[in-house]
Each structure stands twice: as structure tokens, then as C-alpha cells.
Amino acid sequence: DDSYQARMDNMIRFLVDSQAFYRTKFGVTGPVAAAYIWNRWDNLKYGTPDTFTMYNWGNEDAWSGYQARAMFSGCRCWYELAKLGKPVPTSLITYCHNWINWLYSYISANSGKTPTEFPPTTLPSTPPNDFTGHMTALWLSGASLLKLAGSTNLNVQKVINLCFAELQNYYTITVPSSPMNGGWTPNLNNNVNSQDFGFWTGVILRSLRSE
């Protein structure tokens with residue numbers, strides 16, 4: 001409700017500032033900072049207070065899954081506002097479209113593969129034979145929500161198509177007795193180091209419902 005307006009505005013500004021930090025550091029517009037050093041007594045050891053960083057807990061590499069969640073959260077906010085018939089801040093629209101445009105550019109330049117690694121000192125990448133189902137699903141969910149919210153950015157549908165194609169490519173159909181049958185795995189050989197985490201399936205199914 002309207003009593004949350006100030007909190008929402010602050011959160012949107014935080015996302016926008018985080019995206020600006022990444023652009024300044026890496027020269028690309030889309031991804032965001034991995035973390036923020038809160039100015040509180042138990043966080044001061046991690047670096048300069050009130051600053052963004054590409055590390056967690058001082059010098060640890062941050063989980064790349066945070067990036068997909070930052071994209072999805074902005075798109076979800078836009079969708080929820082549109083569903084309620086409320087105005088969508090221009091800064092939020094720009095934030096979401098920055099993500100979409102960068103994702104389309106990245107996926108197109110990487111043979112249809114979505115980004116899976118967001119290192120602290122180098123540009124994003126997708127290692128050979130890598131597939132991270134929950135991240136692909138979040139890119140797909142975010143883009144789908146923008147489409148449902150009324151975005152006219154032509155890259156939205158392109159990102160939806162590319163992400164859906166990647167999910168199809170890594171969907172495993174094998175003998176019924178295989179634990180990988182009907183799951184998503186980065187290993188298409190089925191029996192060697194195959195994996196399908198439970199939360200992957202949940203996030204992927206949500207993305208397919210959105211799509």
C-alpha cells in the first residue's frame with residue numbers, strides 16, 4: 001500500500017546506484033554491485049562504510065546468483081506496480097531495460113548462452129559446458145514479467161526466446177529409471193556428474209509459468 005512508497009523508492013534508488021557502480025567499474029551497463037558495506041559496527045571490518053563492493057565478507061567472491069535476483073527483483077517491482085495501475089518510476093524502467101539490453105547483447109555474443117559467472121575483477125563470463133538453471137530461469141522470469149507489464153523494448157521478447165531455448169537445450173529426457181529424467185542439467189551425458197538441484201526446478205517452473 002501507499003505507506004510503503006518511501007521504502008520502495010529507496011530500494012529502487014539502491015538498485016540504480018548499484019548498477020551505476022558496476023558501470024563505472026567495468027564499463028558495461030546492466031549488472032550490479034555484489035554487495036554493500038553497511039555502516040554498522042559489525043560490518044566495518046569489511047571495508048569502507050557506505051560503499052558498494054564486488055566482494056562478500058571482506059575478500060570472498062560473491063555468489064553470481066545474486067545478479068539474476070537483482071534483475072528479477074526490479075522487473076517484478078515494475079510488474080506489480082503495473083498490475084495495480086500505479087505509476088512506474090522512470091528510473092526503474094531504465095534499470096530493467098539496462099539489464100535486458102545487456103543480456104540480449106551478451107547472449108547473442110556467446111552462442112545463445114546466458115551469463116553464469118560475475119567475477120569481482122573481470123567482466124561476466126560463461127565457462128565452457130556451463131549451465132546454471134536457476135539463473136537462466138530468473139532471466140526468463142524477469143523478461144516475461146516486463147512483457148506482461150507492457151514493456152515495448154524489442155529486446156524483451158528476444159531475451160525470452162533465448163532463455164527459453166537454453167532451458168530446452170539442457171532439459172534431460174532419458175530412461176525412466178534415471179534420476180535425471182525430466183530434469184535440467186549442465187551435463188548432457190546424463191550419467192557423469194549430472195546434477196539437478198531441487199530449487200533449480202522450482203525456479204525454472206516459475207519462469208515457464210511466467211513465460
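Buried here means under 20% relative accessible area, exposed means over 50%, and partly exposed is in between (1.4 Å probe, protein chains only).

This is a predicted model, where local features need pLDDT of at least 70 and side-chain atom pairs count only at pLDDT 80 or more, while totals for chains, interfaces and linings use all residues. Residues are numbered from 1 along each chain as its sequence is written, and side-chain values use heavy atoms, with hydrogens and water left out.

**View A. Asp2 pairs up with Lys86 in a salt bridge.** That term is for a side-chain nitrogen of Lys or Arg within 4 Å of a carboxyl oxygen of Asp or Glu; here the closest N and O atoms sit 2.7 Å apart. Asp2 is in the segment before α1 and Lys86 in the loop between α2 and α3, so the pair ties together parts 84 residues apart in sequence. Asp2 counts as exposed because its relative accessibility is 56%; Lys86, at 31%, is partly exposed.

View B. Helices are DSSP runs (H or I, at least four residues), numbered from the N terminus. Salt bridges with shared partners bring Arg76, Glu80 and Lys83 into one network. Arg76 is partly exposed at 39% relative accessibility, and so is Glu80 at 22%.

**View C. Arg40 and Asp42 join their side chains in a salt bridge.** The N to O distance is 2.7 Å. Arg40 has a relative accessible area of 34%, so it is partly exposed. Asp42 is partly exposed too, at 24%.

Methods
Helix = DSSP H or I, 4+ residues; strand = E, 2+ residues; numbered from the N terminus.
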